[in-house]
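Here is a walk through one protein chain, taken piece by piece.

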Amino acid sequence: KRFGITTILIEDYPDITNILAEIEKKYNSHSVFISGSAVEYGEFTSLEAQSFIHLLSKEIIKKNLNVVNGFGLGVGSAVINGALDAVYSENKKHSENQLVLKPFPQFPSGGKDLKQLWQEYRHNMISRAGIILILFGNKETEHGIINGSGVKLEFEIAIERGLVPIPIFYTGYMAKEIFEEIGTDYSKYNLTEELLSDISSLKLDKENLNKSIRDIILIIQKVAK
């Protein structure tokens, strides 16, 4: 009692696994995996997009949540800068430990090719979070700019692991494609009707990015509570 230890009685040994899984789920619910990549930003200018991502990441940290990121092209730098801005501007109120950064390996090693290494990295990153926030999601190919397959793969892994997806559809590209997909049967995607309605109601106000970001944060907090 003095050490805050609570005893839980169980009837069956397998219940231990279920209890530990629930503890892990509660712990991870306070971590947001930000999935996204971009070589262009659609309705955003590059400056607007970077500011939006920076402020969003900063606000997540300020709400005492964690940010997990794989340093996606065109998105990762702003995520990191925003998170560290919150850490260094709040008189040590927040910790660098709130930012979990897992840059993707750039060269094959250990007898594994890049595709296999990236797959392992994605599973590792996503296993640390309870929410996947999806931004933009495009890449350049020899045939032009297309929606990012890596972002879609991260979404699929996240759903398999029980994460709650929050695609910011107004950023376009794969985020919009995923938003349209989850609307077909929200229960398959770890969502409630209320959460889907909240996501659908998000609006971009370029004149007041803080308002747009607050609306996203409210959804995150609803999941993380």
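Helices and strands here are DSSP runs (H or I of at least four residues for helices, E of at least two for strands), numbered from the N terminus. What you're looking at is a predicted model, so local features need pLDDT of at least 70 and side-chain atom pairs count only at pLDDT 80 or more, while totals for chains, interfaces and linings use all residues. Residues are numbered from 1 along each chain as its sequence is written, and side-chain values use heavy atoms, with hydrogens and water left out.

Let's take the overall picture. The chain has eight helices and seven strands. Of its 225 residues, 42% are buried, where buried means under 20% relative accessible area, exposed means over 50%, and partly exposed is anything in between (1.4 Å probe, protein chains only).

Strands of a sheet pair through backbone hydrogen bonds, either parallel or antiparallel. Here five strands make an open sheet in the order 3-2-1-4-7, with parallel pairing; two strands pair if DSSP finds at least two bridges between them. Strand 3 (99-101) and strand 7 (164-167) are the edges, each pairing on one side only. From one strand to the next, the twist averages 20 degrees. Angles like this one run from 0 to 180 degrees between N-to-C directions, with axes fitted as lines to C-alpha atoms, for helices over the stretch in contact.

Helix 8 (residues 209-224) packs on this sheet, touching strand 1, strand 4 (131-136) and strand 7, and its direction makes about 160 degrees with that of strand 4. Strand 1 (residues 31-37) runs parallel to strand 2 (residues 66-69), the two being joined by four bridges, and F33 stands opposite V68 there. Strand 4 and strand 7 also pair in the parallel sense over four bridges, with I131 opposite V164.

In a regular strand the side chains alternate between the two faces of the sheet. Strand 7 is covered on both of its faces: V164 and I166 on one side, P165 and P167 on the other, all buried.

Zoom in on N69, which sits in strand 2. Is this residue buried or exposed? N69 counts as buried because its relative accessible area is 2%. Leaving aside residues up to four places away in sequence, N69 touches F33, I34, G76, V79, V100, L101, K102 and M125. M125 is 56 residues away from N69 in sequence, yet the two C-alpha atoms are 7.4 Å apart.

Helix 6 (residues 173-182) has its own buried set: Y173, M174, A175, I178, F179 and I182. Those residues pack against strand 4, strand 5 (138-141), strand 6 (144-147), helix 5 (149-160), strand 7 and helix 7 (193-200).

Next, the charges. Side chains of opposite charge can pair when their charged atoms come close. The structure holds nine salt bridges, each a side-chain nitrogen of Lys or Arg within 4 Å of a carboxyl oxygen of Asp or Glu. One of them joins D85 to K58, with the closest N and O atoms 3.3 Å apart. This pair links distant parts of the chain, D85 being in helix 3 and K58 in helix 2 (residues 46-62), 27 residues apart. D85 counts as partly exposed because its relative accessible area is 27%.

E194 forms another salt bridge, with K222, at 2.9 Å between the closest N and O atoms. Here too distant parts are linked: E194 is in helix 7 and K222 in helix 8, 28 residues apart. Both ends are partly exposed, E194 at 48% relative accessible area and K222 at 30%.

Elsewhere, salt bridges that share partners join K152, E177 and E181 into one network.

Technical notes
Contact = heavy atoms within 4.5 Å.
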